[in-house]
Amino acid sequence: MTVVATIIACNKPAANVSKSQSDNTEANSSSQSSTTSTAGEEQSDDEVKYFTISDDIQLRSVTKSEEDWQAQLNEMEYYVIREKGTERAFTGEYWDNKADGIYVCRACNLPLYDSKTKFKSGTGWPSYWQSIDKDYILEDTDYLLGYARTELMCGRCEGHLGHVFSDGPQPTGMRHCINSASLSFIPQSEIDAFMTKLKTQEKP
Ligand SMILES: [Zn+2]
């Protein structure tokens, strides 16, 4: 994979992305079912992962049936997060959001990105040079556009986030190109309340 190819990948108009994805609907759904074959089943102990957010907040990995995800997410969220779709460039909520705060997974609330690492990429998608914790993000290789790209997924719920490319700014040189539909923004002033809510909701 060359850098040139990856730059073209994320700058490509989203309309083309959608088209190629709808052409591959059948292939997508079959690969989807294989990756989510445990959905809805009880997680055995060795499949459960824990994410330590702070001294008193530990989140457990989330596994749900596709029916449950469909009930929780709206159409666009489901398309992006569960069907690995891509929102059209410059249409999402956060590509131009410059406020201070954190971005959490829209499906499971795992904190994923800090606004301090967000930068203007010109692509029309929220872009970050680093995640809050690399252990919160899963990587996989996809060939949806006919060549290899590194897909990023939420480590907690395995929801699709976007892709990572090696043409980002320093200090990492990486560009996490993320769909707004996969994220919820928590403004700086609301982070404490959000963490309290997270703690209350996630108590075993
Ligand atoms: Zn998640």
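Let's start with Leu 144, which counts as partly exposed because it has 19 C-beta neighbours inside 10 Å, while a buried residue needs 20 or more. This is a predicted model, and Leu 144 is placed in the loop between S6 and S7. Along the chain, Leu 144 and Lys 84 are 60 residues apart, yet their C-alpha atoms are separated by 9.6 Å.

Over at the S5 end, S5 and S9 pair in the antiparallel sense over two bridges. Here Ser 127 has Cys 177 as its bridge partner in S9.

## The three-stranded sheet

There's also an open sheet of three strands, ordered S4-S3-S10, again with antiparallel pairing. S4 and S10 are the edge strands, and each of them pairs on one side only. From one strand to the next, the twist averages 30 degrees.

Within this sheet, S3 and S10 pair in the antiparallel sense over five bridges. Gly 101 stands opposite Pro 187 in S10.

## The nonpolar core

Now for the largest nonpolar core, which has 30 residues. Val 104, Cys 105, Leu 110, Leu 112 and Cys 154 are the ones that touch the most other members. The elements that contribute two or more residues are helix H5 (75–82) plus strands S3 (101–105), S4 (111–114), S7 (149–154), S8 (160–165), S9 (175–178) and S10 (183–187). S3 provides the largest share, four residues.

Cys 154 is worth a look on its own. Leaving out residues up to four places away in sequence, Cys 154 touches Cys 105, Ala 107, Cys 108, Leu 110, Leu 112, Gly 159 and Leu 161. Among these, Cys 105, Leu 110 and Leu 112 are also on the list of core residues that touch the most other members.

Stepping back, the protein has six helices and ten strands. Of its 204 residues, 31% count as buried. Taking contacts with a separation of 6 or more, 61% are between residues 24 or more positions apart.

As for confidence, the mean pLDDT is 84, and 76% of the residues reach 70 or more. Residues 1–41 are another matter, with pLDDT below 50. Beyond near neighbours in sequence, that stretch has 42 contacts in the model. Where pLDDT is low, the predicted coordinates should not be read in detail.

How values were computed:
Residues numbered from 1 in each chain as written. Predicted model: local features only at pLDDT ≥ 70, side-chain atom pairs only at ≥ 80, totals over all residues. Core = buried A, V, L, I, M, F, W, Y, C linked by C-beta atoms within 7 Å. Buried ≥ 20, exposed ≤ 12 C-beta atoms within 10 Å, placed from the backbone. Contact = placed C-beta atoms within 7 Å. Pairing = 2+ DSSP bridges. pLDDT = per-residue confidence, 0-100. Axes fitted to C-alpha atoms, helices over the stretch in contact; angles between N-to-C directions.
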